[in-house]
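Please read the following report alongside the sequence and the coordinates. It moves from the sheet to the helices and then to the core.

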Amino acid sequence: MRSADFERVLGKPSRARSNHFAVHHLAAMPSKLPKPARLALALSTAQGELSTGDAQVAHSPVEELPPEGAWLGVVVPKRHAKRSVTRSLLKRQIRAAFEQQPLLPPGLWVVRLRSPFDRKLFPSASSEALRAAARAELQQLLGRVLNGPRKA
């Protein structure tokens, strides 16, 4: 996803929230990537002769991606997770939680960390306790996403 896609998705109200995370969804495809001339030339190996034998198969353009699918974006700001170890751990937990949910509606999904985890409860930046707490909260949040809209 590009930054324009993040802006489009985050411009919509959150679909579900928990103490630490918010999930945003937009039923749309990612914006198309521009085709730089350098990339087109770099991928056109089938045009020239190679000393290694047969010509290689050229890559398919990005525009030929399947229209159905779920794209995931993750936002973990430094103001809520000061240490890079913690940010990486939370990003991995978010991606893992979404990989285990094949029933998500297609579109653009963004999960953002909306408040920090208490450092008094989780003093280690990458503790198993923090990993388990994030995993449990994300599973509960995704359960609410799949069961319907958030009730106010």
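The report below describes the sheet, the helices packed on it, the nonpolar core and one glycine.

This is a predicted model, in which local features need pLDDT of at least 70 and side-chain atom pairs count only at pLDDT 80 or more, while totals for chains, interfaces and linings use all residues. Residues are numbered from 1 along each chain as its sequence is written, and side-chain values use heavy atoms, with hydrogens and water left out.

**Sheet.** Helices (H or I, at least four residues) and strands (E, at least two) are DSSP runs, numbered from the N terminus, and two strands pair if DSSP finds at least two bridges between them. With mixed pairing, 4 strands form an open sheet in the order β1-β2-β4-β3. Because β1 (16–17) and β3 (70–75) each have a single partner strand, they stand at the edges, and one side of each is left without a neighbour in the sheet. Strands β1 and β2 (residues 21–26) run antiparallel and are joined by 2 bridges; Arg17 has Ala22 in β2 as its bridge partner.

| Helix | Residues | Angle and reference strand |
|---|---|---|
| α1 | residues 3–10 | about 80 degrees to β4 |
| α3 | residues 84–99 | about 160 degrees to β3 |

In α3, the buried residues (under 20% relative accessible area, with a 1.4 Å probe and protein chains only) are Thr86, Arg87, Leu89, Leu90, Gln93, Ile94, Ala97 and Phe98. They cover an arc of only 165 degrees around the axis, taken from the directions to the C-beta atoms, and therefore lie on the same side of α3. Their cover includes β2, β3, β4 and α4.

**Core.** A nonpolar core is a set of buried Ala, Val, Leu, Ile, Met, Phe, Trp, Tyr and Cys residues joined through side-chain atoms within 4.5 Å. The largest one has 23 residues, of which Phe21, Leu90, Ile94, Phe98 and Phe117 touch the most other members. Helix α4 (128–147) is among the elements that each supply at least two residues, and α4 gives the most, with 6 residues. Not counting residues up to four places away in sequence, Ile94 touches Phe21, Leu72, Val74, Val76, Val111 and Leu138.

**Gly73.** This residue lies in strand β3 and counts as buried at 3% relative accessibility. Leaving aside neighbours within four places in sequence, Gly73 is in contact with Met1, Phe6, Trp109, Val110 and Val111.

Conventions: Contact = heavy atoms within 4.5 Å. Axes fitted to C-alpha atoms, helices over the stretch in contact; angles between N-to-C directions. Buried < 20%, exposed > 50% of the residue type's maximum accessible area, 1.4 Å probe, protein only.
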